[in-house]
Amino acid sequence: MIKSLNDKNKDFFEQVYDVTRLIPYGRVTSYGAIASYLGSKKSSRMVGWAMNAAHRIPDVPAHRVVNRNGLLTGKMHFESPDQMQRLLEMENIEVKGDVVVNFKILFWDPSKELI
DNA sequence: CCATTGACTTAAG
DNA sequence: CCTTAAGCCAATG
């Protein structure tokens, strides 16, 4: 152990990354759903913050995480504002007016679909 | 150390 | 439909 990163540093964030990686292709979920699955539904803000920090992690499909209305609230934080929508459309997810069409059908709830 | 902000959500008016 | 307010908690100034 040379650098010894803080062991506790990977509590909430790491779990968020894990769940996010498990989102199936062509499906989406919400910050609240992830937060709820991890225990605190009201910590959805932290999920958003985790996504912000997830930029350094290539395996985390942050574009599959939207808010509870299917709105692409985090699109501003991508390389370009239209990148998020583009990535979604690339997975056959239709986006209209920054909102995921059929969001409620494409919605992937970790606490229900993930065991 | 205190204040503000934010990729959120829910409730109330 | 729009505005406040509250709850949550890390990061930033």
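## Two loop residues with positive phi

Asparagine 92 lies in the loop between α4 (83-89) and β3 (95-96), where helices (H or I, at least four residues) and strands (E, at least two) are DSSP runs numbered from the N terminus. Asparagine 92 has a positive phi of about 65° although it is not a glycine, and with a relative accessible area of 69% it is exposed; here exposed means over 50% relative accessible area, buried under 20% and partly exposed in between, with a 1.4 Å probe and protein chains only.

Aspartate 98, in the loop between β3 and β4 (99-100), is another residue other than glycine with a positive phi, in this case near 65°. Its relative accessible area of 24% makes aspartate 98 partly exposed.

## Basis and confidence of the model

This is a predicted model, in which local features need pLDDT of at least 70 and side-chain atom pairs count only at pLDDT 80 or more, whereas totals for chains, interfaces and linings use all residues. Residues are numbered from 1 along each chain as its sequence is written, chains are lettered from A and ligands numbered from 1 in the order in which they are written, and side-chain values use heavy atoms, with hydrogens and water left out.

The mean pLDDT of chain A (the predictor's confidence in each residue, from 0 to 100) is 90, and 91% of the residues of chain A reach 70 or more. Where pLDDT is low, the predicted coordinates should not be read in detail.

## The surface near DNA strand B

DNA strand B is surrounded by 18 residues, of which Arg45, Met51, Asn67, Arg68 and His77 are the closest; a residue is near a strand if one of its heavy atoms lies within 4 Å of it. Of the atoms of DNA strand B that come within 4 Å of the protein, 51% belong to sugar and phosphate. By class, the residues of this surface are five nonpolar, 10 polar and three charged, where Ala, Val, Leu, Ile, Met, Phe, Trp, Tyr, Cys and Pro count as nonpolar, Asp, Glu, Lys and Arg as charged, and the others, Gly among them, as polar.

Threonine 73, in turn, has a polar side-chain atom 3.1 Å from a phosphate oxygen of DNA strand B. The elements that give two or more residues to this surface are α2 (31-37) and α3 (44-53), and α3 gives the most, with six residues.

## The two sides of α3

Val47, Ala50 and Met51 are the buried residues of α3. They lie on the same side of α3 because they cover an arc of only 100° around the axis, the arc being that of the directions from the helix axis to the C-beta atoms. An α-helix has 3.6 residues a turn, so residues three or four places apart point the same way.

The cover over the buried residues of α3 includes α1 (12-21), α2 and β2 (65-66). Arg45 and Trp49, by contrast, are exposed on the other side of α3.

## The surface near DNA strand C

Around DNA strand C stand Lys42, Ser43, Arg45, Met46 and Trp49.

Arginine 64, in the loop between α3 and β2, is buried, with a relative accessible area of 10%. Not counting residues up to four places away in sequence, arginine 64 touches Ile23, Pro24, Tyr25, Gly26, Arg27, Val28, Thr29, Leu88 and Glu91.

Leucine 114 is placed in the segment after α6 (110-113) and counts as partly exposed, at 22% relative accessibility. With residues up to four places away in sequence again left out, leucine 114 touches Leu22, Tyr37, Trp108 and Asp109.

Definitions and conventions:
A polar contact is a pair of N or O atoms within 3.5 Å; within protein, one must be able to donate a hydrogen and the other to accept it, and residues adjacent in sequence count only if both atoms are side-chain atoms. Contact means heavy atoms within 4.5 Å.
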